Amino acid sequence: MSITKWVFLGSAVVVLLVVLIFLGCSICFIDKHELGFQYDKFTGQLTRLDRTGYIFRNPIRYDVHTIDLR
């Protein structure tokens, strides 16, 4: 293999790892006995999440938190 193929393969692996890490950070789970809310980092607004389960949010803009209601 030439050096160009190795560079392409290495950069493809790095891009794939970055995408997987970003997706892993953007998935949150809210259990049925928890109250979920999101914090908007840009505006400072808190919003209640009306559903449970998996929540997909942009981790650069939003933080998702939960409160245990038991």
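Modeller: Let's start with a term: a helix here is a DSSP run of H or I with at least four residues, numbered from the N terminus. S26 lies in helix 1, which covers residues 3-26. Please keep in mind that this is a predicted model.

Biologist: Thanks! Why does S26 count as buried?

Modeller: Its relative accessibility is 7%. Buried means under 20%, so S26 at 7% qualifies. Beyond its neighbours within four places in sequence, S26 is in contact with I55, F56, R57 and P59.

Biologist: Now the whole chain. How do you know that the protein chain is more spread out than a compact globule?

Modeller: First, the layout: there is one helix and there are five strands, in the order α-β-β-β-β-β from the N terminus. The globule rule gives 11 Å for 70 residues, while the radius of gyration is 18 Å, well over that value, so the chain is more spread out than a compact globule. Its C-alpha atoms fill a box of roughly 60 × 25 × 15 Å along the principal axes. Buried residues make up 14% of the 70.

Biologist: What makes R61 and D40 a salt bridge?

Modeller: The closest N and O atoms of R61 and D40 are 2.9 Å apart. The cut-off is 4 Å between a side-chain nitrogen of Lys or Arg and a carboxyl oxygen of Asp or Glu, so the pair at 2.9 Å qualifies as a salt bridge. R61 sits in the loop between strand 4 and strand 5 and D40 in strand 2, 21 residues apart, so this pair links distant parts of the chain.

Biologist: Why is D40 called buried, and what is R61 called?

Modeller: D40 has a relative accessible area of 6%, so it falls under the 20% limit and is buried. R61 reaches 28%, so it lies between the limits and counts as partly exposed.

Biologist: How many salt bridges does a search of the whole structure find?

Modeller: Three. Another one pairs D63 with K41, with the closest N and O atoms at 3.5 Å. D63 lies in strand 5 and K41 in the loop between strand 2 and strand 3, so the pair ties together parts that are 22 residues apart in sequence. R70 and D68 also meet in a salt bridge, at 3.0 Å from N to O.

Biologist: Why does R70 count as exposed?

Modeller: Exposed means over 50%, and R70 has 73% relative accessibility, so it counts as exposed. D68, at 42%, is below that limit and so counts as partly exposed.

Biologist: What makes the link between H33 and R70 a polar contact?

Modeller: The side chains of H33 and R70 are joined at 3.4 Å. The limit for a pair of N or O atoms is 3.5 Å, so 3.4 Å falls within it. H33 is in the loop between strand 1 and strand 2, and touches I67, D68, L69 and R70, not counting residues up to four places away.

How values were computed:
Residues are numbered from 1 along each chain as its sequence is written. This is a predicted model: local features need pLDDT of at least 70, side-chain atom pairs count only at pLDDT 80 or more; totals for chains, interfaces and linings use all residues. Side-chain values use heavy atoms; hydrogens and water are left out. Helices (H or I, at least four residues) and strands (E, at least two) are DSSP runs, numbered from the N terminus. Buried means under 20% relative accessible area, exposed over 50%, partly exposed in between (1.4 Å probe, protein chains only). Contact means heavy atoms within 4.5 Å. The radius of gyration is taken over C-alpha atoms; the globule rule is 2.2 Å times the number of residues to the power 0.38. A polar contact is a pair of N or O atoms within 3.5 Å; within protein, one must be able to donate a hydrogen and the other to accept it, and residues adjacent in sequence count only if both atoms are side-chain atoms.
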